[in-house]
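Here are some notes for a first look at this entry. Please keep the structure open while reading.

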Amino acid sequence: MSETVVHVLRHGEVYNPDGILYGRLPGFRLSELGVQMAKAAAQALAERTVVHVVASPLERAQQTAEPIAAQFGLPVGVDERLIESANWFEGKKVSPGDGSFRDPRNWWVLRDPVTPSWGEAYRVIAERMFGALHAARIAAEGREAVLVSHQLPIWTLRRYVERKRLWHDPRKRQCGLASLTSFHFDGAKIVGIGYSEPAAHLVSISPTARTAKGA
């Protein structure tokens, strides 16, 4: 049986001048640089046999999928399973260095880093992403598919497939803006995982790449 590849793409940089954790909030679109990141990802896939493109319903993911779908003459599908994870801090300004995690008013939310207590359970994220991954594999049997999602769901999926514990240090995620985490299938079996950063040259000049929130 021929190989099937499902590329899971993180969206590009988002316009977020107020620096909030935007999560699932509507209205957060790609910045001008983020649009260029999406085009770089599309260019990296130009010689591939992509027959299926699906994205999270959030604007930034849909925008990132558009240049890929356009170059292959495909529609952009929507899969709710690819959406960003739910987070109690959504809509708030919060980062490891701003004191939010030391504020006693937030301690009850941070009580359990394993599940975690502040948002959607890692296990739930992993299972919905795994379902979307296999749906794309079936749709692109013998060729290639692209799924556009968000950093935490993509990284959780990868750890789930690699049989690693799901809770982790977010600073150590290998999932840059507009990066591709590629799952290689032999039939229904995952036989390899690749990773690439086609927009690395753009990420390097992004003032927000290291602190992107709700990505």
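1. Start with a definition. The expected span of a helix is 1.5 Å times one less than its number of residues. Apply that to α3, residues 122-139. Its 18 residues should span 26 Å, and the end C-alpha atoms are 26 Å apart, so expectation and model agree. Bear in mind that this is a predicted model.

2. Now the chain as a whole. The protein chain holds 5 helices and 6 strands. Read from the N terminus, the elements run β-α-β-α-β-α-β-α-β-β-α.

3. Next, overall dimensions. Along the principal axes, the C-alpha atoms fill a box of roughly 55 × 35 × 25 Å. A compact globule of 215 residues would have a radius of gyration near 17 Å; the protein chain has 17 Å, which agrees.

4. How are the strands arranged in the sheet? The sheet is open and has 6 strands, in the order β3-β2-β4-β1-β5-β6. The pairing is mixed. At the edges stand β3 (77-78) and β6 (189-196). Each has a single partner strand, so one side of each lacks a neighbour in the sheet.

5. Look at β2, residues 50-55. With β3 the pairing is parallel, over 2 bridges. Val 54 has Gly 77 of β3 as its bridge partner. Ala 55 stands opposite Val 78 in β3.

6. Strand β2 also pairs with β4. That pairing is parallel too, over 5 bridges. Here the bridge partner of Val 50 is Glu 144 in β4.

7. Back to α3. Which of its residues are buried? They are Tyr 122, Ile 125, Ala 126, Arg 128, Met 129, Ala 132, Leu 133, His 134, Ala 136 and Arg 137. What covers them includes the strands β1 (3-10), β2, β4 (144-149), β5 (180-186) and β6. Helix α4 (151-161) is also among the covering elements.

8. Finally, burial, contacts and surface. Buried residues make up 48% of the 215 in the protein chain. Take the contacts between residues at least 6 apart in sequence: 70% of them join residues at least 24 apart. The accessible surface comes to about 10,400 Å². Carbon and sulfur atoms account for 53% of that surface.

Methods
Residues numbered from 1 in each chain as written. Predicted model: local features only at pLDDT ≥ 70, side-chain atom pairs only at ≥ 80, totals over all residues. Heavy atoms only, no water. Pairing = 2+ DSSP bridges. Helix = DSSP H or I, 4+ residues; strand = E, 2+ residues; numbered from the N terminus. Buried < 20%, exposed > 50% of the residue type's maximum accessible area, 1.4 Å probe, protein only. Contact = heavy atoms within 4.5 Å. Rg over C-alpha atoms; globule rule 2.2 N^0.38 Å. Areas by Shrake-Rupley, 256 points an atom, 1.4 Å probe, with all protein chains shown as cover.
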